[in-house]
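Hi everyone, thanks for coming. Let me put the model up on the screen, and then we'll walk through a few spots together.

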Amino acid sequence: MSTFNQPIGGNDLARFSGPNTFMRLPSVNDLAGLDVAVLGVPMDIGTSWRSGTRFGPKQIRAESAMLRPYNLGTGAAPFDALQVADIGDLAINTFSLSDSLRIISESYDAILKHDVKPLAMGGDHSITLPILRAIARKHGPVALVHVDAHADVNDEMFGERETHGTVFRRAYEEGLINPSKTYQIGIRGSGYSAEDFSEAAGWGFQQFPAEGLWGRDLSSLGAEVRRDIGDLPTYVTYDIDSLDPAFAPGTGTPEIAGLTTPQALQLIRALRGVNIIGGDLVEVSPPYDTSGNTALTGANILFEMLCVLPGVSYR
């Protein structure tokens, strides 16, 4: 396409009005011709502590009205070269986690029939497992950049094997991800045992606990990850609780002493050049942050992810 969708500008229509789509982009049902499809997965029945992430996509969209089309920090101009649209929310079954995971996976199968990169707004982190199942059916095992306070490698929770805390054990067991190209960044907090993180390290996961990142510019870490990945297809999953609760209190399982907002941007911006084939931003729970700041931060992180996708123009 020679004409690319553009966010509605704040001087064309007041930011408190207009469509409730991501960055006030067009809402479409036909994915033909799209390079990037932004979608919502409004679900919180996979969480184990505080609910509310079912409201995440709606609030992220609302706060994203503040975003403008050019990244002044990096020069990225994603809407100059990529056709981007909001394709709405997946129709999950709010009374059944297992059925919802099936719906997500099958919906992604349909989305990925097109040559499009999906960016999802969660929803709790359990949405990433069915997404990775569909991604792996198309691309095979992928490299994974996982930014989170938690490793999410429990075997089960309350007897359930598919929850927001078991995602990456299942992904490893099912061969959806490349273990030696899986990077868990920002993990921290208390645990049930000394092996909470070390078991996944034994599978080959590369882990970067938050304690080792305090006060550090994460540009260098991002560059290390980028060089290690090479040209492998890569999925990026960003849990908002990777940030310290001072920056993102509106989440279901907050942990103190996390990453800062500037570190989040440093890390993502350093992934420019990685063959990113999709991503998600999860665990925004608006009821726990009435200021909207957590959702605003989530919207900005999604924009930064958009800005490092392959094919983005830079000015």
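Leaving aside residues up to four places away in sequence, His 146 touches His 125, Ala 151, Asp 152, Phe 168, Tyr 183, Gln 184, Ile 185 and Thr 237, where contact means heavy atoms within 4.5 Å. Please keep in mind that this is a predicted model, with local features needing pLDDT of at least 70 and side-chain atom pairs counting only at pLDDT 80 or more, while totals for chains, interfaces and linings use all residues. Residues are numbered from 1 along each chain as its sequence is written, and side-chain values use heavy atoms, leaving out hydrogens and water.

Back to our histidine: His 146 sits in strand 5, residues 142-147; strands here are DSSP runs of E, at least two residues, and helices are runs of H or I, at least four, numbered from the N terminus. Is His 146 buried or exposed? His 146 is buried, at 1% relative accessible area; buried is under 20%, exposed over 50% and partly exposed in between, with a 1.4 Å probe and protein chains only. The side chains of His 146 and Gln 184 are also joined by a polar contact of 3.1 Å, that is, a pair of N or O atoms within 3.5 Å, one able to donate a hydrogen and the other to accept it, and residues adjacent in sequence count only if both atoms are side-chain atoms.

Now some backbone. Met 23 has a positive phi, near 55°, and is buried at 1%. Phe 158 also has a positive phi, about 55°, but Phe 158 is exposed, at 85%. Finally, the peptide bond from Gly 122 to Gly 123 is cis, with omega near 15°.
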